[in-house]
Amino acid sequence: MVRLTLAMIVRNEAGRLSRALQSVRDVVDEMIVVDTGSTDGTPEIARAHGARVVAVPWQDDFSAARNAGLEFARGDWVFVLDADEWLEPADRGRLKALLWSPALAAYEGGFVQIWNRLGDGREGVAVHPALRLFRNRPEHRFSGRVHEQIAAAIFRRKPDAALFVSDIRVHHDGYLRDVVRLRGKIERNERLLRQALLAAPDDPFLWYNLGVEALRRGAAAEAAQAFVRARETMAPAVSFAPLVYKYEALARRLAGDPDGARAVLEAGCRRYPHHPDLWHLWGEIEAAAGRFWTAEAAYATAYALGPAPPGVPTEAGVGGARTAAALARLRAALGDLAGARRWAGEALRQAPGDGRALGLLIRLAVVAGGEREAVRTAVRLLRVRDVQAAERVAGALRAAGAPRAAAVYVRYLRRFGSPMVQGARPPVGRAPGGRLWAVERWLAGVRHPAWRTGTVLAARLSLFDGATPWIEGAHGAEDSPVAGGPPSGEDRSGGLPLSGRVAWDGGRPGVPAAGVRKEGGMGGAADDFARDDRAG
């Protein structure tokens, strides 16, 4: 097995560093932590976990700090992680398997999937690939004052270098709204980006990231102008090009220019027709304007494309559960309750643990038939496997305005094999022998209102559109979950044409698939989020 070095840069991360280091302690062979001036005990915490701490003065240059740490790396490969990130526990074995794989010899680097929590933690998850694994070679050094990249060095050394894309997950919470405000990331990033633009005024990658920072700051019109500069100067094949269209459209929408947003998305979908996020955002804009049929066509296209492959930045659920839920709401707004419930069921099927999909299905049942239909849906359609799942279903019933249905549902589970009573984990659907007499007897006496469809129904459904903190893992509003603007990028090609070879995982988590390649694929996938809280 190859030896793996963990490389980090940190500053004042005493509250989060242990989580990051513990997540990889059984995978890496050494830990190199570059400290750029901590005053809170961060170096002592790193040493307590067995890391070698290297003190490097901060010079307003992320690449300089990163490269200082690489000078001390002795492993065959390097794994880059930040203090506000942690490796998914279930993927530790996958990362080990990757290091054992003979196929690894064919590659110079590889991507993992960064799962970014947004807003206050309940406003969605954005997923993007990040080039965080690469061979430890003297030529492999980062470049860029901010949003530093390693791909350029890899392809400078070996133009036909092959990269793999795995589905190994790294979680990130450094762009939660409160963290961003507390640490002043936006102001710092904008300052460094403007410094870099003085030397390269026509660099589309820098303009793109400047637009991202302005969008996160809430300056939508300013962000749109930056994205226009990026779009006018970038080559169509650069890895972050679809994101420029997506975020320019979002910026124009937030700036009160829906027609401009629609035009940008139309152009983006024409150029990148296989990018589901562009179609989904187009659906959101059309739905907000009341153009339900056009919105449905855009959503349906996103759903037909399916979720983006591992090498493409996306928002969790786009092309899958989130898009299905959007189609359910559209069907409901058009008065098609049966279609709405089918789409809501499809959303829940694709994301069984998604509180938003569960809540939508329950709410639709309440709208269609009151508490009677809600409890029927809960008992007959949902397969509860543990106590937590049962509590989520009961919580969805209460949140949908069906407290009596929630009480009956809980009583039913306790009587007919509920895991809350017996400690077992059977799928709960029907009573022993297929009898539902206890529920049916209660339902027979329940009277439900005959709610109207159309706009009244849409208004009632909107009551459930907010965040649902009682559901663990719930996603937030249906709008693009980019509270205050999308996080920006690092580890990308930085404007490199899409060159070299990228091998897609081919379904085997964490193991590069030697025979599944996309020639002319990517010189470095576009990262949607920056890891720039580790210094400065």
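Which residue just after helix 13 takes a positive phi? That is G306, with a phi of about 80°. I will come back to helix 13 in a moment.

First, the ground rules. This is a predicted model, in which local features need pLDDT of at least 70 and side-chain atom pairs count only at pLDDT 80 or more, while totals for chains, interfaces and linings use all residues. Residues are numbered from 1 along each chain as its sequence is written, and side-chain values use heavy atoms, with hydrogens and water left out.

Now helix 13. Helices here are DSSP runs of H or I with at least four residues, strands are E runs of at least two, and both are numbered from the N terminus. Helix 13 covers residues 292-305, 14 residues in total. From first C-alpha to last it reaches 20 Å, close to the 20 Å expected at 1.5 Å a residue; the expected span is 1.5 Å times one less than the number of residues.

Which residues of helix 13 are buried? They are A295, E296, A298, Y299, A302 and Y303. Buried means under 20% relative accessible area, exposed means over 50%, and partly exposed is in between, with a 1.4 Å probe and protein chains only. An α-helix has 3.6 residues a turn, so residues three or four places apart point the same way. On the other side of helix 13, W293 and A304 are exposed. The cover over the buried residues includes helix 12 (276-288), helix 14 (321-333) and helix 15 (337-350).

Next, the cores. A nonpolar core is a set of buried Ala, Val, Leu, Ile, Met, Phe, Trp, Tyr and Cys residues joined through side-chain atoms within 4.5 Å. The largest has 51 residues, and Y208, F227 and Y247 have the most contacts inside it. Leaving aside residues up to four places away in sequence, F227 touches Y208, G211, V212, L215, V244, Y247, E248 and A251; contact means heavy atoms within 4.5 Å. A second, separate core has 44 residues, including L327, V366, A402 and V410.

On to the rings. The whole structure holds 11 aromatic pairs. Rings of Phe, Tyr and Trp (its six-membered ring) pair if their centres lie within 6.5 Å; planes under 30 degrees apart are stacked, over 60 edge-to-face, and the rest tilted. F205 and F240 make a tilted pair, 5.4 Å centre to centre with 55° between the planes. F205 is in helix 8 (residues 204-217) and F240 is in the loop between helix 9 (220-233) and helix 10 (241-254), 35 residues apart. Both F205 and F240 are buried. F227 and Y247 are also a tilted pair, at 6.4 Å and 35°. Ring pairs join F205, Y208, F227, F240 and Y247 into a cluster.

Last, helix 3, residues 62-70. Eight of its nine residues are buried, among them R66. Strand 1 (4-10), strand 2 (30-35) and helix 7 (185-199) are among the elements covering them. R66 lies over the face of F142, 5.8 Å from the ring centre. For that call, NZ of Lys or CZ of Arg must be within 6 Å of the ring centre and within 35 degrees of the ring normal.
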